[in-house]
Amino acid sequence: MKFGGTSMAGSERIRRVANIVRRQQAAGHEVAVVVSAMAGETDRLVNFCREANPLYDPAEYDVVVAAGEQVTSGLLALTLQALGCQARSWLGWQLPVHTDDAHAKARIEDIDSAALLASMAGGEIAVIPGFQGLSPAGRVTTLGRGGSDTSAVAVAAAIGADRCDIYTDVDGVYTTDPRIVAKARKLKYVTYEEMLELASVGSKVLQTRSVSLAMKEGVRVQVLSSFIDDDATPADEIPGTMIVSDEELEGHEMERQLITGIAADKNEAKIILTRVPDRPGAVATIFAPLSAANINVDMIIQNVGRDKGETDVTFTVPAADLLRAQTLLEAQKEAIGFNRIITDSKVAKVSVVGVGMRSHAGVASTMFRALADRGINIQAISTSEIKISVLIDEDETELAVRVLHTAYGMDAEGEAA
């Protein structure tokens with residue numbers, strides 16, 4: 001069971017979490033719990049680091065920011081004890097959770113779970129701080145923002161858990177953001193691939209790394225809400241959204257939806273380089289400096305070469321990297337040979353995702369026709385086997401999501417299969 005920062009924000013919410021955990025143990029389960037720091041606490045600790053030394057040592061940064069999860073793991077263990085449960089906290093170095101030595105963005109390599117399993121078999125609830133681990137040199141490491149989801153999946157894999165329940169401030173994965181489309185439906189099942197695509201194109205329910213790890217290790221993940229009443233039905237009886245393999249989903253007697261979900265991301269920026277020489281290697285000269293600076297490029301369009309042997313190249317980068325990308329490209333202007341840079345940060349990426357695309361034609365034409373009928377112009381397109389993304393004007397994001405949700409017949413009442 002994993003609880004996020006909003007679920008752990010203060011004594012009253014921690015008591016609610018403790019009651020949810022206690023009910024699962026009372027139902028006969030052996031339980032391990034992974035917790036995040038209280039909402040806002042990690043940001044507070046990060047700011048302390050910046051104030052102390054703007055050029056901070058990442059190893060000492062990890063010591064400071066890992067403290068947030070240490071506090072909530074101890075408090076939850078104390079609260080469970082007050083409810084009459086056997087419980088203890090296991091810090092990252094006590095398990096230990098072995099990671100590489102990339103401080104502030106470490107990756108889990110393995111978890112020694114023998115002592116943890118023995119403790120759980122004896123009826124003790126294990127409370128584990130997410131986000132933290134132990135480097136080969138014996139230093140505290142952290143996994144990067146949102147790393148507690150990854151910690152939970154890694155612990156679930158290490159102990160061979162039947163399921164990893166991730167409790168958050170939403171009660172599952174929806175066909176799209178319910179704040180945009182009132183008729184958005186909660187999905188009973190989503191495949192790992194679909195969840196990875198949704199997470200990568202703007203859905204904030206789960207961190208991409210955690211889904212990738214769950215897929216690799218075959219961990220069944222369930223997304224649930226921790227904001228439920230004390231007398232609510234246990235998670236085993238009213239599931240949230242299960243994230244499972246294609247094979248498991250095929251075992252259910254249900255007609256798959258053509259499209260599983262629609263996501264929107266306004267954190268995109270468009271860059272156009274005009275009059276780039278139309279010759280072999282020109283495009284490589286554009287993207288090599290961006291790659292070296294770890295700037296992710298998403299959609300790429302190269303126009304048909306003009307008579308003068310020139311072409312325009314359009315692509316998108318994260319909005320936060322726009323200024324850096326622009327500076328790098330300006331520095332390479334002579335080597336690339338472009339005429340000028342045109343940028344636009346008022347754009348959004350809207351994506352439709354679904355494994356049903358593999359066996360159905362016409363998904364793209366439905367999308368393009370629905371947007372055209374409402375006068376929404378498409379500026380760029382990218383596709384994968386189970387995803388189509390378009391770049392549009394930021395002001396038209398909500399309209400586009402609503403139009404597409406209706407176009408794919410996703411507005412019906414009730415839960416989706």
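Predicted model: local features only at pLDDT ≥ 70, side-chain atom pairs only at ≥ 80, totals over all residues.
**Entry 1**

I found Asn-294 in the loop between α10 (282-292) and β14 (300-302), and I noted for Asn-294 a positive phi of about 60° although the residue is not a glycine. Most residues other than glycine have a negative phi, and most peptide bonds are trans, so I looked up further departures from that rule.

I next turned to Phe-131, where phi is near 80°, again a positive value in a residue other than glycine. Phe-131 sits in the loop between β6 (125-129) and β7 (132-134). Is Phe-131 buried or exposed? I read a relative accessible area of 4% for Phe-131, and the residue is therefore classed as buried, given that the cut-off for buried is under 20%.

For the peptide bonds, I recorded that the one from Leu-95 to Pro-96 is cis, with omega near -10°. Pro-96 belongs to the loop between β3 (87-89) and β4 (97-99).

I then asked how many of the residues of strand β13 are buried. I noted that 13 of the 17 residues of β13, which covers residues 261-277, are buried, and so the strand is largely enclosed by the rest of the structure.

I followed β13 to strand β16 (residues 341-353) and found the two joined by 10 bridges in an antiparallel arrangement; as a landmark in this pairing I took Leu-273, which stands opposite Ile-341 of β16. I also traced β13 to strand β15 (residues 310-318), with 8 bridges between them and again an antiparallel run, and here I marked Ala-269, whose bridge partner in β15 is Val-317.

**Entry 1: strand β12, covered on both faces**

In a regular strand the side chains alternate between the two faces of the sheet. With that in mind I went through strand β12 (residues 241-244), and I found both of its faces covered, with Thr-241 and Ile-243 buried on one side and Met-242 and Val-244 buried on the other.

Which strands did I find joined to β12? Strand β10 (residues 189-191) runs parallel to β12 and is joined to it by 3 bridges, and in this pairing I noted Thr-191 opposite Val-244. Strand β11 (residues 221-225) pairs with β12 in the antiparallel sense, over 3 bridges, and there I noted Val-223 opposite Thr-241.

**Entry 2: patches on the surface**

I looked up charge on the surface and found a negative patch in which Asp-101, Glu-109, Asp-110 and Asp-112 gather. Of these I followed Asp-110, which I placed in strand β5 (residues 108-111), and I recorded for Asp-110 a relative accessible area of 37%, so this residue is partly exposed.

I also looked for nonpolar side chains on the surface, and I found a patch formed by Val-71, Leu-75 and Leu-78, which together have about 250 Å² of accessible area. Leu-78 lies in helix α4 (residues 67-82). I read 54% relative accessibility for Leu-78, and the residue therefore counts as exposed, given that the cut-off for exposed is over 50%.

Conventions: Residues numbered from 1 in each chain as written. Heavy atoms only, no water. Buried < 20%, exposed > 50% of the residue type's maximum accessible area, 1.4 Å probe, protein only. Helix = DSSP H or I, 4+ residues; strand = E, 2+ residues; numbered from the N terminus. Pairing = 2+ DSSP bridges. Patch = residues over 30% accessible without salt bridge, like charges linked within 9 Å, V, L, I, M, F, W, Y side chains within 5 Å. Areas by Shrake-Rupley, 256 points an atom, 1.4 Å probe, with all protein chains shown as cover. Salt bridge = Lys/Arg side-chain N within 4 Å of Asp/Glu carboxyl O. Lys, Arg positive; Asp, Glu negative; His and termini not counted. Charge placed at Lys NZ, Arg CZ, Asp CG, Glu CD.
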